[in-house]
Amino acid sequence: PPPFFFFWRAACGSSDFSSGLVSSTMSTGLEALPNQVGTMVINSNGEALASSGELANKDDVAKTVFAVVTQAAQVIKDDPLKRITVMGNGYHYAAMVSQEGQIHLVKCRAKKE
C-alpha cells in the first residue's frame, strides 16, 4: 500500500502497520485502530457517509471537518492535501483525504506521556 496509508496506525499510537488501510468502502478498517473512540467517512459534499463510536451521527463534526480540510487545501493549493491532525487535551483527530476525495476521520485517545 502507499506509505501515507500507514499514517492511520501511527496517528492512534501504534507502530504496528499491519492494518488500518483507507479504502473507498464504508468498512475502512478504522474501527480496529488502537485508542480510537470514533470514526467517520465524509463525502465530497461534506456529508457523513458512515460514522461510529463518539462520532456516530455527528453531522456538525462532518461539516466542520469538511470546512477545515477545504480551507487547508486552498492554503496549500500547489501541493495536494493528504492529511491533517488536530491535537487536543486527551484526544486528537486525524483526517485523511482518499484518492476518491472522501475524508476519513478518526478520533483517538491521546497516549499518556
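A nonpolar core, as the term is used on this tour, is a set of buried Ala, Val, Leu, Ile, Met, Phe, Trp, Tyr and Cys residues joined through side-chain atoms within 4.5 Å; buried means under 20% relative accessible area, exposed over 50%, and partly exposed in between, with a 1.4 Å probe and protein chains only. The structure is a predicted model, in which local features need pLDDT of at least 70 and side-chain atom pairs count only at pLDDT 80 or more, while totals for chains, interfaces and linings use all residues. Residues are numbered from 1 along each chain as its sequence is written, and side-chain values use heavy atoms, with hydrogens and water left out.

**Colour by confidence**

Begin by colouring the chain by pLDDT, the predictor's confidence in each residue, from 0 to 100. The mean for the protein is 75, and 69% of the residues reach 70 or more. Select residues 1-9, where pLDDT stays under 50 and the model has 30 contacts beyond four places in sequence, a contact being heavy atoms within 4.5 Å. Then select residues 14-27, over which the pLDDT is below 50 as well. Where pLDDT is low, the predicted coordinates should not be read in detail.

**Switch to the cartoon**

The cartoon shows two helices and five strands, arranged from the N terminus as α-β-β-α-β-β-β; helices (H or I, at least four residues) and strands (E, at least two) are DSSP runs, numbered from the N terminus. Of the 113 residues, 37% count as buried, and residues 24 or more positions apart account for 41% of the contacts with a separation of 6 or more.

**Select the sheet**

The five strands form an open antiparallel sheet in the order E2-E1-E5-E4-E3, where two strands pair if DSSP finds at least two bridges between them. At its edges lie E2 (48-53) and E3 (83-87), each of which pairs on one side only.

Which residues form strand E5? Select residues 103-109, and note that six of these seven residues are buried, so E5 is largely enclosed by the rest of the structure. E5 pairs with E1 in the antiparallel sense over six bridges, and seven bridges join it to E4, again antiparallel. Among the residue pairs to display, Ile42 stands opposite Ile103 in E5, and His92 stands opposite Cys108 in E5.

Is Lys107 buried or exposed? With a relative accessible area of 11%, Lys107 is buried. Leaving aside neighbours within four places in sequence, its contacts include Asn35, Gln36, Glu54, Tyr91 and His92.

E3 pairs with E4 (residues 91-97) in the antiparallel sense over five bridges. Here Arg83 stands opposite Met96 in E4, and Thr85 has Ala94 in E4 as its bridge partner. The hairpin of E3 and E4 has three residues between the strands, with Gly90 in the turn at a positive phi of about 95°.

**Show the core**

Now display the side chains of Met40, Ile42, Leu55, Val61, Ala62, Val65, Val69, Leu81, Ile84, Ala95, Ile103 and Leu105, the twelve residues of the largest nonpolar core. Strand E1 (36-42), helix H2 (59-75) and E5 each supply at least two residues of this core, and H2 gives the most, with four residues. Centre the view on Ile42 and, not counting residues up to four places away in sequence, the residues it touches are Glu47, Ala48, Ala62, Val65, Phe66, Gln102 and Ile103.

The last stop is Asn57, in the loop between E2 and H2. Asn57 is exposed, with a relative accessible area of 71%, and has a positive phi of about 60° although it is not a glycine. Most residues other than glycine have a negative phi.
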